[in-house]
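User: I have a structure open here and have not looked at it before. Can you walk me through it?
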Amino acid sequence: VKATSAAYAARSLQLAAKNQQPFLSELAVVEPALNDPAVVATLRPYAEKGVPSEVALAVTFPSVAARANIAAKADDGKNGILDKIRHAIGGFISVRRVGNPGGQGAEAILERAEIRLNGGDLKGAVAYLDTLPPSAQRALSPWLEQARARVLVDDTTRRISETALNHLSQMTNASTAPLNNGGVL
């Protein structure tokens with residue numbers, strides 16, 4: 001019964017953490033079943049305030065990607081007249097070329113990251129963005145922090161859920177072992 005309750009609580013935590021709302025109460029329910037207090041310490045700051053959902057991050061990505069592209073171009077010294085105008089008006093207009101994800105440079109990296117993000121692979125998108133030049137990463141930093149937090153929360157809650165389900169499976173297998181060996185109920 002304890003293993004079943006722990007598995008249910010872990011799954012509830014995983015589902016609650018997927019949206020943008022705080023999930024502190026779900027973490028509190030799972031906490032007694034966790035053997036590693038570091039897991040709770042890792043999740044607690046995010047559980048208190050919530051983490052943007054993967055969908056919310058995908059929606060905001062094009063605008064932050066445009067700013068990162070402008071920052072990378074400014075660093076490269078490849079500013080054309082359009083880039084100078086965009087920079088002068090504070091980045092309210094942003095144009096980013098698409099259609100060349102196999103290319104080189106920040107623009108291609110941003111496009112590959114966006115393809116991953118739109119395909120539901122936030123972790124892969126973040127991995128691409130980690131290869132951007134420092135100026136582009138600085139332009140993306142608030143978004144990247146939120147994306148890394150989302151990846152951390154999703155990975156951690158998935159591991160908690162998998163561990164609880166494995167424990168439940170072991171308990172179930174142990175309780176049915178006498179029957180499988182010709183035992184009597």
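Analyst: Let's start with one residue. Leu122 touches Glu54, Leu57, Leu117, Trp143, Ala147, Arg150 and Val151, leaving out residues up to four places away in sequence. Keep in mind that this is a predicted model.

User: Which residues of the largest nonpolar core touch the most other members?
Analyst: Phe61, Leu110, Leu122, Leu129, Leu132, Leu140 and Trp143 do, in a core of 22 residues.

User: And which helices supply at least two residues of this core each?
Analyst: Helix H4 (54-76), helix H6 (105-118), helix H7 (122-129) and H8 each do.

User: What lies apart from it?
Analyst: Another core, with 18 residues; Ala17, Phe23, Val39 and Val51 are among them.

User: Stepping back, how many helices and strands are in the protein chain?
Analyst: The chain has eight helices and zero strands. Along the sequence the pattern reads α-α-α-α-α-α-α-α.

User: How much of the chain counts as buried?
Analyst: Of its 185 residues, 36% count as buried. The chain exposes about 10700 Å², and carbon and sulfur atoms supply 58% of that area.

User: What share of the contacts comes from residues 24 or more positions apart?
Analyst: Such pairs account for 62% of the contacts in the chain that have a separation of 6 or more.

User: Which residues lie nearest its centre?
Analyst: Ala6, Ala33, Leu34, Asn35 and Ala164 do, out of 19 lining residues.

User: How does that lining divide into nonpolar, polar and charged?
Analyst: Eleven of the lining residues are nonpolar, five are polar and three are charged.

User: Is Val29 buried or exposed?
Analyst: Val29 counts as exposed, because its relative accessibility is 56% and the cut-off for exposed is over 50%.

Key: Residues numbered from 1 in each chain as written. Predicted model: local features only at pLDDT ≥ 70, side-chain atom pairs only at ≥ 80, totals over all residues. Heavy atoms only, no water. 1 Å grid on protein atoms, 1.4 Å probe; cavity = no way out; pocket = protein on both sides within 12 Å on 5 of 7 lines; lining within 4 Å. Nonpolar A, V, L, I, M, F, W, Y, C, P; charged D, E, K, R; others polar. Helix = DSSP H or I, 4+ residues; strand = E, 2+ residues; numbered from the N terminus. Buried < 20%, exposed > 50% of the residue type's maximum accessible area, 1.4 Å probe, protein only. Contact = heavy atoms within 4.5 Å. Areas by Shrake-Rupley, 256 points an atom, 1.4 Å probe, with all protein chains shown as cover. Core = buried A, V, L, I, M, F, W, Y, C linked by side-chain atoms within 4.5 Å.
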